[in-house]
Amino acid sequence: MLTISTGNNAVAAAVRQAIPAVVAAYPITPQTEIVEQIANYVTNGSLKSKYIPVESEHSAMAACIGASITGIRTFTATSSHGLLYMHEMVNWAAGARLPIVMANVNRALGPGWNVWAEHTDSLQARDTGWLQVYVATVQEAYDATIMAFRIAEDRRVYLPVMINLDGFSLSHITQQLEESEIGDFIPPLMLDHAIDTKAPAGYGCMTPSTDYFRIRYDIERSMRDSVAVIRETEDAFATKFGRKYSWTENYRCEDAEVLVLSMGTLGKEAEVAVDILRDEGVKAGAMRVRWIRPFPELDLGDRELVVIDRNYSFGFGGILASSIRAKTGRQCYNVIAGIGGQEVTYNDIAGFIRNRRIGEETWFGVDA
Amino acid sequence: MTDIRVQIVMSGTSATEYICKCTSACAGCSSSLILRHVLKAAGPDTVLVVPACCTSVLQGVWPNTAFNIPVYNVAFAAAAAVASGMAAAFESMGKNTNVIAYAGDGGTVDIGIQALSGALERETNFLYICYDNEAYGNTGMQRSGSTPIGARTTTTPGGKVHKKKDLDRIIAAHNLPYMATACSAYPQDLAKKVQKALSIKGPKFMHILAPCPPGWRYDASKTIEVGKMAVKTGLWAMYEREYDLLTISGPTKAAMIKPAPLEDYFKMQGRFSGLKEEQVKTVRGEMERNLRMLKAEAEGC
């Protein structure tokens, strides 16, 4: 069914297709519309879920954990300070190997209060054991949410998945959306370690230093195994619904001599910037990194790299640029742009590429 | 040869033990005694949700567990919220499994109170039990909001200067279908209250006094005596409340008529060794106020 939708409503519509047995969530700008829409679905009977209107984000994730360990499907959504407030339980969810799916609407952190897009919130959770995907369109928000359930619940993974969408610049914009009847695309959840009073077990008990690291390593092993599961899931999705996704979205990259890498909606601006530069005779390409955990193998060749980070790790640098340097040993021109919803146009991005100084870092609007 | 061993089973409860022998609990631990009776009263179709507290330790070390019901250990502040999710999930599956959160006073009156209040307000179908040893026992007896005034803990070496938080009136403000107070020294009363709680749908709460030999500084053999003295003095009042219908339990009714001297309770415990006269006065004042309010409520005044 072809319709128009905001990014937030697309996530809610995907959740209605996945039918989690329990949704526990707490409202926060700019995620609010997701939980409001789910509450509407539950109230009007079009989504048969238990909706738990918890009193905090810490409790939202805690309730998802309690529900998930019984072997049922769960979903929550948050943003920014909400994600930070639940951070303890975000770690717990992955450590407990629970296939919880969460949408995080990326938003800057206070102070001062700022409700606009930035990726520092979810990137602070990159070491928790969650899989993380960043989307750039309303359709992709919908599709990634549906795929997230199948990936998380795969026995080879059993790890939670976070779908990240930019606050306002995706959560609140309206685009065309193809809503698909997913049928059996997400198989029924079979959680091997679900609680069973007929087969009692202790969960999360004291674990000595002679064994604890094995359990942590097992998270990493599943993170590595998730690479194949993500590929299979995205291929199966393309076959069934005709929409193809991968680790990165590449735009005019084949013959490019300079690549601009970014995450989220800025990646779409970068495509326009590439068209402008191509008209000027510059062989530019745009590569939008979708998955940040597991971190993808990037096909960078020997091209010059411009990396836009809508985030920052103080005392170190932009997190995407740092990750690319660490993984590939390649230097880049790192532009910190779009912080707290700072406006970044395709003309600005074209400028970043024209004026690139490989090996340096620039804060857009500060150094320039 | 005939086996002449006799198994003594408390009337009205199960012969099955859900906590195996030789846990890592301290000698004279009353919180494990409470849990023993809670689980016997609840039966095997029960899941225990345990935040950081002594109970997370006494299960033993992975891959072993001393409990033969499922125990879900969770982060300190999260017990009531995890139990909310679990209760909703069982409800969605049409299961009647008991969900019992079993938390210490730190995890209840301090760090966990927000999640608890939320779960009660949302009418979660679960039983939340706070076993109260009046300090952070698991980490070696630091002060909690539930530590009484004057008690020495490792973070109040000169005795606590603040009063014990009145948890039960905070809980009562949620107007629950069932809440009760109990004490480890009165296991039959405790077990009956657990059974009653679990027979009722909706949010249930129990606050159980759990004397702690190393923390309260008395000999492990005196755990029952100390618990009984807390009740006999009237300091620990036992009752049940079904919405606004209050029933005061027998031992507390007796204490209201003829209380044991408060000083006898303090004298039994090393933690009160530096108790000042005005602190005794404060405790007495708080106790009398509590009993007066309970009596007035029970008499419908």
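**Loops and core**

Modeller: Start with Pro111(A), which sits in the loop between strand 5 (101-106) and helix 6 (120-123) of chain A. Keep in mind that this is a predicted model.

Colleague: Is the peptide bond from Gly110(A) to Pro111(A) cis or trans?
Modeller: Cis, with omega near -5°.

Colleague: And what kind of bond joins Pro111(A) and Gly112(A)?
Modeller: A cis peptide bond, with omega about -10°. Gly112(A) also lies in the loop between strand 5 and helix 6 of chain A.

Colleague: New topic. Which residues touch the most other members of the largest nonpolar core?
Modeller: Val260(A), Val49(B) and Val82(B). That core has 214 residues. At least three come from each of domain 1 (2-241) and domain 2 (248-363) of chain A.

Colleague: What does Val82(B) touch?
Modeller: Leaving out residues up to four places away in sequence, its contacts include Ala62(A), Ile65(A) and Gly66(A) in chain A. In chain B, Val82(B) touches Val49(B), Tyr72(B) and Val74(B).

Colleague: Is Cys22(B) buried or exposed?
Modeller: Exposed, because Cys22(B) has 7 other C-beta atoms within 10 Å, and the cut-off for exposed is 12 or fewer.

Colleague: What about Glu134(B), buried or exposed?
Modeller: Buried, with 27 other C-beta atoms within 10 Å. Glu134(B) has a positive phi of about 60° and is not a glycine. Find Glu134(B) in the loop between strand 4 (126-132) and helix 6 (167-172) of chain B.

Note on methods: Residues are numbered from 1 along each chain as its sequence is written. Chains are lettered from A and ligands numbered from 1 in the order in which they are written. This is a predicted model: local features need pLDDT of at least 70, side-chain atom pairs count only at pLDDT 80 or more; totals for chains, interfaces and linings use all residues. A nonpolar core is a set of buried Ala, Val, Leu, Ile, Met, Phe, Trp, Tyr and Cys residues joined through C-beta atoms within 7 Å. A residue is buried if 20 or more other C-beta atoms lie within 10 Å of its own, exposed if 12 or fewer, and partly exposed in between; C-beta atoms are placed from the backbone. Domain bounds come from an automatic or database domain assignment. Two residues are in contact if their C-beta atoms, placed from the backbone, lie within 7 Å. Helices (H or I, at least four residues) and strands (E, at least two) are DSSP runs, numbered from the N terminus.
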